[in-house]
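Please keep the sequence and the structure in view while reading.

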Amino acid sequence: MNLWPSTLRAALTGGLAAGVVAAAFSFVVVEPTVRLALAVEESRTAMEHAHGESEHDTELVSRGLQQVGGAVAVIVAALLLSLLYAVALSRFRRTSNFSELASALVVAGGGFAVFAFAPGLKYPANPPAVGDPDTVTERTLLYACAIAIAALTLIALLAVVRTARRRGWSSTRTCWSVVGVLVVAGVVLFAGLPPSPDAIPADVAAGLVWRFRLQSLGTLALLWTTVGLVTGTLLARASHTATAYARTHRALSGR
(Lines give C-alpha, C1' and ligand atoms only; values in the text may rest on other atoms or scores of the structure.)
Protein backbone atom coordinates (compact mmCIF):
# COMPACT_ATOMS: atom_id res chain seq x y z
CA MET A 1 0.00 0.00 0.00
CA ASN A 2 1.32 3.41 -1.04
CA LEU A 3 1.19 5.64 2.04
CA TRP A 4 2.91 8.65 0.46
CA PRO A 5 -0.07 10.51 -1.13
CA SER A 6 -2.21 10.46 1.99
CA THR A 7 0.75 11.32 4.21
CA LEU A 8 1.77 14.25 2.00
CA ARG A 9 -1.74 15.72 1.90
CA ALA A 10 -2.18 15.43 5.64
CA ALA A 11 1.30 16.79 6.38
CA LEU A 12 0.84 19.84 4.14
CA THR A 13 -2.47 20.60 5.82
CA GLY A 14 -0.80 20.16 9.19
CA GLY A 15 2.07 22.41 8.12
CA LEU A 16 -0.29 25.16 7.02
CA ALA A 17 -2.23 24.95 10.28
CA ALA A 18 1.00 24.92 12.28
CA GLY A 19 2.31 27.98 10.46
CA VAL A 20 -0.85 29.95 11.18
CA VAL A 21 -0.90 28.90 14.84
CA ALA A 22 2.81 29.65 15.33
CA ALA A 23 2.46 33.05 13.62
CA ALA A 24 -0.50 33.94 15.84
CA PHE A 25 1.38 32.82 18.96
CA SER A 26 4.40 34.84 17.92
CA PHE A 27 2.28 37.95 17.38
CA VAL A 28 0.49 37.67 20.73
CA VAL A 29 3.27 36.32 22.99
CA VAL A 30 6.65 37.03 21.39
CA GLU A 31 5.94 40.44 19.84
CA PRO A 32 5.84 42.36 23.17
CA THR A 33 9.30 41.01 24.01
CA VAL A 34 10.57 41.94 20.56
CA ARG A 35 9.28 45.49 21.04
CA LEU A 36 11.19 45.76 24.34
CA ALA A 37 14.35 44.58 22.60
CA LEU A 38 13.82 47.06 19.77
CA ALA A 39 13.41 49.84 22.33
CA VAL A 40 16.82 48.92 23.78
CA GLU A 41 18.30 48.90 20.29
CA GLU A 42 16.79 52.30 19.46
CA SER A 43 18.05 53.77 22.73
CA ARG A 44 21.54 52.46 21.99
CA THR A 45 21.45 53.91 18.47
CA ALA A 46 20.27 57.29 19.79
CA MET A 47 23.11 57.41 22.31
CA GLU A 48 25.67 56.52 19.66
CA HIS A 49 24.22 59.19 17.36
CA ALA A 50 24.37 61.78 20.15
CA HIS A 51 28.06 61.01 20.65
CA GLY A 52 28.68 61.09 16.92
CA GLU A 53 29.58 57.41 16.77
CA SER A 54 27.00 56.44 14.16
CA GLU A 55 24.59 57.88 11.68
CA HIS A 56 20.88 57.66 12.38
CA ASP A 57 19.14 55.53 9.76
CA THR A 58 15.48 56.01 8.98
CA GLU A 59 13.26 52.94 9.22
CA LEU A 60 12.80 51.61 5.68
CA VAL A 61 10.06 49.13 6.60
CA SER A 62 7.43 49.77 9.25
CA ARG A 63 7.05 47.39 12.16
CA GLY A 64 3.61 46.42 10.86
CA LEU A 65 5.01 45.30 7.52
CA GLN A 66 7.78 43.44 9.34
CA GLN A 67 5.15 41.55 11.35
CA VAL A 68 3.24 40.60 8.20
CA GLY A 69 6.44 39.49 6.50
CA GLY A 70 7.43 37.51 9.57
CA ALA A 71 4.06 35.75 9.68
CA VAL A 72 4.32 34.83 6.00
CA ALA A 73 7.86 33.56 6.55
CA VAL A 74 6.71 31.37 9.44
CA ILE A 75 3.91 29.85 7.34
CA VAL A 76 6.23 29.20 4.37
CA ALA A 77 8.85 27.66 6.66
CA ALA A 78 6.21 25.42 8.25
CA LEU A 79 5.09 24.21 4.81
CA LEU A 80 8.68 23.45 3.78
CA LEU A 81 9.31 21.57 7.01
CA SER A 82 6.08 19.64 6.49
CA LEU A 83 7.53 18.22 3.26
CA LEU A 84 10.48 16.74 5.15
CA TYR A 85 8.07 15.66 7.86
CA ALA A 86 5.91 13.85 5.29
CA VAL A 87 8.91 11.89 4.01
CA ALA A 88 9.94 10.82 7.52
CA LEU A 89 6.37 9.99 8.56
CA SER A 90 5.71 7.95 5.43
CA ARG A 91 8.77 5.79 6.14
CA PHE A 92 7.90 5.52 9.82
CA ARG A 93 4.34 4.37 9.10
CA ARG A 94 5.65 1.47 7.00
CA THR A 95 7.69 0.00 9.85
CA SER A 96 5.82 0.91 13.05
CA ASN A 97 2.82 -0.62 14.76
CA PHE A 98 1.73 2.69 16.27
CA SER A 99 -1.61 4.30 15.57
CA GLU A 100 -1.79 7.09 12.99
CA LEU A 101 -1.92 9.81 15.64
CA ALA A 102 0.85 8.28 17.73
CA SER A 103 3.08 7.89 14.66
CA ALA A 104 2.49 11.49 13.64
CA LEU A 105 3.32 12.78 17.13
CA VAL A 106 6.45 10.63 17.46
CA VAL A 107 7.85 11.89 14.16
CA ALA A 108 6.87 15.46 15.05
CA GLY A 109 8.76 15.07 18.31
CA GLY A 110 11.81 13.96 16.36
CA GLY A 111 11.47 16.98 14.08
CA PHE A 112 11.30 19.30 17.08
CA ALA A 113 14.38 17.68 18.61
CA VAL A 114 16.40 17.94 15.39
CA PHE A 115 15.38 21.36 14.12
CA ALA A 116 14.69 23.24 17.36
CA PHE A 117 15.59 21.69 20.71
CA ALA A 118 19.11 20.33 20.13
CA PRO A 119 20.47 23.27 18.10
CA GLY A 120 18.65 25.67 20.43
CA LEU A 121 20.54 24.28 23.41
CA LYS A 122 23.86 25.15 21.75
CA TYR A 123 22.80 28.32 19.95
CA PRO A 124 19.67 29.73 21.62
CA ALA A 125 17.72 32.46 19.87
CA ASN A 126 18.54 36.06 20.72
CA PRO A 127 16.30 39.16 20.56
CA PRO A 128 16.93 41.95 18.02
CA ALA A 129 19.14 43.95 20.41
CA VAL A 130 21.66 41.07 20.44
CA GLY A 131 23.72 40.08 17.44
CA ASP A 132 26.15 41.60 14.98
CA PRO A 133 24.86 41.77 11.37
CA ASP A 134 28.34 40.85 10.17
CA THR A 135 28.10 37.42 11.86
CA VAL A 136 24.82 36.33 10.27
CA THR A 137 26.51 33.93 7.84
CA GLU A 138 28.68 32.41 10.56
CA ARG A 139 25.71 31.98 12.90
CA THR A 140 23.64 30.36 10.15
CA LEU A 141 26.38 27.87 9.33
CA LEU A 142 26.88 26.99 12.99
CA TYR A 143 23.15 26.43 13.49
CA ALA A 144 23.06 24.24 10.35
CA CYS A 145 25.94 22.18 11.77
CA ALA A 146 24.03 21.74 15.02
CA ILE A 147 20.98 20.53 13.07
CA ALA A 148 23.16 18.07 11.14
CA ILE A 149 24.59 16.66 14.37
CA ALA A 150 21.10 16.30 15.84
CA ALA A 151 19.86 14.54 12.69
CA LEU A 152 22.80 12.11 12.71
CA THR A 153 22.16 11.45 16.39
CA LEU A 154 18.54 10.58 15.71
CA ILE A 155 19.57 8.26 12.87
CA ALA A 156 22.09 6.57 15.15
CA LEU A 157 19.47 6.11 17.87
CA LEU A 158 17.06 4.51 15.40
CA ALA A 159 19.84 2.21 14.19
CA VAL A 160 20.59 1.15 17.78
CA VAL A 161 16.92 0.38 18.49
CA ARG A 162 16.51 -1.62 15.28
CA THR A 163 19.72 -3.55 15.91
CA ALA A 164 18.61 -4.29 19.46
CA ARG A 165 15.29 -5.69 18.23
CA ARG A 166 16.87 -7.74 15.45
CA ARG A 167 19.58 -9.27 17.62
CA GLY A 168 17.53 -9.57 20.78
CA TRP A 169 19.64 -7.34 22.99
CA SER A 170 18.77 -7.07 26.65
CA SER A 171 17.11 -3.89 27.90
CA THR A 172 20.29 -3.04 29.85
CA ARG A 173 22.50 -3.25 26.77
CA THR A 174 20.02 -1.26 24.72
CA CYS A 175 19.78 1.51 27.34
CA TRP A 176 23.54 1.81 27.66
CA SER A 177 23.90 1.95 23.89
CA VAL A 178 21.34 4.75 23.69
CA VAL A 179 23.08 6.64 26.48
CA GLY A 180 26.42 6.20 24.72
CA VAL A 181 25.07 7.69 21.50
CA LEU A 182 23.62 10.65 23.40
CA VAL A 183 26.87 11.25 25.29
CA VAL A 184 28.94 11.22 22.10
CA ALA A 185 26.46 13.54 20.41
CA GLY A 186 26.53 15.89 23.40
CA VAL A 187 30.32 16.05 23.36
CA VAL A 188 30.39 16.78 19.63
CA LEU A 189 27.63 19.38 19.89
CA PHE A 190 28.82 21.30 22.94
CA ALA A 191 32.60 20.75 22.79
CA GLY A 192 33.15 20.25 19.08
CA LEU A 193 31.31 23.32 17.81
CA PRO A 194 32.54 26.82 18.67
CA PRO A 195 30.46 29.11 20.89
CA SER A 196 28.14 31.72 19.46
CA PRO A 197 30.11 34.61 17.93
CA ASP A 198 27.78 37.18 19.50
CA ALA A 199 28.09 38.23 23.13
CA ILE A 200 25.18 39.65 25.11
CA PRO A 201 25.57 43.47 25.34
CA ALA A 202 25.62 45.00 28.79
CA ASP A 203 22.53 47.13 28.09
CA VAL A 204 20.33 44.07 27.40
CA ALA A 205 18.78 42.58 30.54
CA ALA A 206 19.32 38.86 31.08
CA GLY A 207 15.62 38.46 31.83
CA LEU A 208 14.71 39.90 28.44
CA VAL A 209 17.12 37.56 26.65
CA TRP A 210 15.89 34.42 28.39
CA ARG A 211 12.25 35.39 28.00
CA PHE A 212 12.76 35.71 24.26
CA ARG A 213 14.65 32.41 24.10
CA LEU A 214 11.94 30.50 25.96
CA GLN A 215 9.19 32.12 23.90
CA SER A 216 11.00 31.29 20.66
CA LEU A 217 11.45 27.68 21.73
CA GLY A 218 7.80 27.59 22.77
CA THR A 219 6.78 28.83 19.33
CA LEU A 220 8.66 25.99 17.67
CA ALA A 221 7.26 23.46 20.13
CA LEU A 222 3.75 24.67 19.34
CA LEU A 223 4.47 24.47 15.61
CA TRP A 224 5.65 20.85 15.72
CA THR A 225 2.88 19.82 18.11
CA THR A 226 0.28 21.28 15.76
CA VAL A 227 1.86 19.52 12.78
CA GLY A 228 1.71 16.20 14.59
CA LEU A 229 -1.82 16.62 15.95
CA VAL A 230 -3.40 17.83 12.71
CA THR A 231 -1.56 15.35 10.49
CA GLY A 232 -2.27 12.42 12.80
CA THR A 233 -5.93 13.33 13.17
CA LEU A 234 -6.40 13.58 9.40
CA LEU A 235 -4.64 10.27 8.80
CA ALA A 236 -6.65 8.57 11.56
CA ARG A 237 -9.90 9.89 10.08
CA ALA A 238 -8.91 8.75 6.58
CA SER A 239 -7.97 5.31 7.91
CA HIS A 240 -11.27 5.03 9.78
CA THR A 241 -13.21 6.03 6.65
CA ALA A 242 -11.32 3.52 4.50
CA THR A 243 -11.93 0.74 7.03
CA ALA A 244 -15.64 1.53 7.24
CA TYR A 245 -15.90 1.57 3.44
CA ALA A 246 -14.13 -1.78 3.17
CA ARG A 247 -16.47 -3.33 5.76
CA THR A 248 -19.52 -1.99 3.98
CA HIS A 249 -18.24 -3.26 0.64
CA ARG A 250 -17.61 -6.74 2.06
CA ALA A 251 -21.07 -6.79 3.67
CA LEU A 252 -22.80 -5.80 0.44
CA SER A 253 -20.84 -8.32 -1.62
CA GLY A 254 -21.62 -11.10 0.86
CA ARG A 255 -17.99 -11.83 1.73
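Two residues are in contact when heavy atoms of theirs lie within 4.5 Å. Among contacts in the chain between residues at least 6 apart in sequence, 83% join residues at least 24 apart. The model is predicted, so local features need a pLDDT of at least 70 and side-chain atom pairs count only at pLDDT 80 or more, while totals for chains, interfaces and linings use all residues. Residues are numbered from 1 along each chain as its sequence is written, and side-chain values use heavy atoms, leaving out hydrogens and water.

**The chain as a whole**

- The chain contains six helices and zero strands; helices (H or I, at least four residues) and strands (E, at least two) are DSSP runs, numbered from the N terminus.
- Read from the N terminus, the order of elements is α-α-α-α-α-α.
- Of the 255 residues, 30% count as buried, where buried means under 20% relative accessible area, exposed means over 50%, and partly exposed lies in between (1.4 Å probe, protein chains only).

**Helix α4**

- Helix α4 covers residues 136–167, which is 32 residues.
- From its first C-alpha to its last, α4 reaches 46 Å, close to the 46 Å expected at 1.5 Å a residue; the expected span is 1.5 Å times one less than the number of residues.
- The buried residues of α4 include Leu142, Ala146, Ile149, Thr153, Leu157 and Val160.
- An α-helix has 3.6 residues a turn, so residues three or four places apart point the same way.
- The partners against which the buried residues of α4 pack are α3 (100–122) and α5 (171–192).
- After α4 comes Gly168, which has a positive phi, near 70°.

**The packing of α4 and α5**

- These two helices, α4 and α5, pack at an angle of about 170°, and their axes are 10 Å apart; axes are lines fitted to C-alpha atoms, for helices over the stretch in contact, and angles run from 0 to 180 degrees between N-to-C directions.
- Therefore α4 is roughly antiparallel to α5, because angles over 145 degrees count as roughly antiparallel, under 35 as roughly parallel, 65 to 115 as roughly perpendicular and the rest as oblique.
- Residues that make the contact include Ala146, Ile149 and Thr153 of α4 and Val178, Val181 and Ala185 of α5.
- By class, this contact has 12 nonpolar, three polar and no charged residues; Ala, Val, Leu, Ile, Met, Phe, Trp, Tyr, Cys and Pro count as nonpolar, Asp, Glu, Lys and Arg as charged, and the others, Gly among them, as polar.
- Ala185 of α5 is buried, with a relative accessible area of 14%.
- Ala185 and Ile149 are 36 residues apart in sequence, yet their C-alpha atoms are 7.0 Å apart in space.

**The packing of α2 and α3**

- Helix α2 (residues 63–95) packs with α3 at an angle of about 130°, with axes 10 Å apart, and α2 is therefore oblique to α3.
- The crossing of α2 and α3 is right-handed.
- Among the residues that meet are Leu81, Leu84 and Arg93 in α2 and Glu100, Ser103 and Phe115 in α3.
- The contact of α2 with α3 comprises 11 nonpolar, one polar and two charged residues.

**A buried loop residue**

- Thr135 belongs to the loop between α3 and α4 and is buried, with a relative accessible area of 11%.
- Neighbours within four places in sequence aside, Thr135 is in contact with Pro197 and Asp198.

Conventions: A crossing is left-handed if the near helix is turned anticlockwise from the far one by less than a right angle, and right-handed if clockwise.
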